[in-house]
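Colleague: Could you walk me through this one before I set anything up?
Modeller: Gladly, here it is.

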Amino acid sequence: MTTIDELLGAGDGTVIQLNERHPRRRAHLRQLLDVRARLAVTAAEQRSHNLPEQHEVTRLLWAVEEAIHTGWPRTYYEQFPRWCVEEETLLHEPTTSVTGCSVCRADFAPGVSHQPPDAA
Ligand SMILES: [Zn+2]
C-alpha cells in the first residue's frame, strides 16, 4: 500500500521518482508510450513513402514525446535511444515493399490504382 509519504516524497529530491510510481501516473505513462509507439510506426511509414501527412503525424509524435519528457524525464531518457533504433528499422525505401508497412499493403492491395487519374 502506498503511503502519503511515498507519494509526496521525503523531501530529499525523490518526489518525482516516487510520483512516477503512482498507479494513475503509471497508467497515463503506459498510454502515452502506447500512443507514441503507434505514431512512430505511422510517421516512419509515411516518411518512407514521402506522404504529405508525414509532417502532421511527426508533429503529433513530438508532442507526445514532449509530454513524456515533461512528466517522466527518466523514462524519456531511458527510452530515447531505443526509439531512435526502432525508427531506423521502420524506415524503408519507397521502391521496396515491406510486409509490415501499412502503406505498402494498401499500395499493393487488389483494385488499387497506382496511376494518377487521366487528364484527358
Ligand atoms: Zn511501405
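**Helix packing**

Modeller: To begin with one pair in this predicted model, helix 3 and helix 4 cross in a left-handed manner.

Colleague: Which residues make that contact?
Modeller: From helix 3 the contact involves Leu32, Val35, Arg36, Leu39, Ala40, Thr42, Ala43, Gln46 and Arg47, and from helix 4 it involves Gln54, Val57, Thr58, Leu60, Leu61, Val64, Glu65, Ala67 and Ile68.

Colleague: And at what angle do the axes of helix 3 and helix 4 cross?
Modeller: They cross at roughly 155° and come within 9 Å of each other; angles over 145 degrees count as roughly antiparallel, and helix 3 and helix 4 are therefore roughly antiparallel.

Colleague: Which residues of helix 4 are buried?
Modeller: Val57, Leu61 and Ile68 are the buried residues of helix 4. They span an arc of only 40° around the axis, which places them on the same side of helix 4, and they pack against helix 3 (23–48) and helix 5 (73–90).

Colleague: What about the face of helix 4 turned away from its buried side, which exposed residues does it carry?
Modeller: That face carries the exposed residues His55, Glu56, Arg59, Ala63, Glu66 and Thr70.

Colleague: What span should helix 4 have, at 1.5 Å a residue?
Modeller: Its 18 residues, 54–71, should span 26 Å, and the end C-alpha atoms are 26 Å apart, which agrees.

Colleague: Switching to the chain, how many helices and strands are there?
Modeller: There are six helices and zero strands, and 9% of the 120 residues count as buried. Among contacts with a separation of 6 or more, 50% come from residues 24 or more positions apart.

Notes
Residues numbered from 1 in each chain as written. Predicted model: local features only at pLDDT ≥ 70, side-chain atom pairs only at ≥ 80, totals over all residues. Helix = DSSP H or I, 4+ residues; strand = E, 2+ residues; numbered from the N terminus. Expected span 1.5 Å × (residues − 1). Buried ≥ 20, exposed ≤ 12 C-beta atoms within 10 Å, placed from the backbone. Arc of directions from axis to C-beta. Contact = placed C-beta atoms within 7 Å. Axes fitted to C-alpha atoms, helices over the stretch in contact; angles between N-to-C directions. Parallel < 35°, antiparallel > 145°, perpendicular 65-115°, else oblique. Left-handed = near helix turned anticlockwise from the far one by under 90°.
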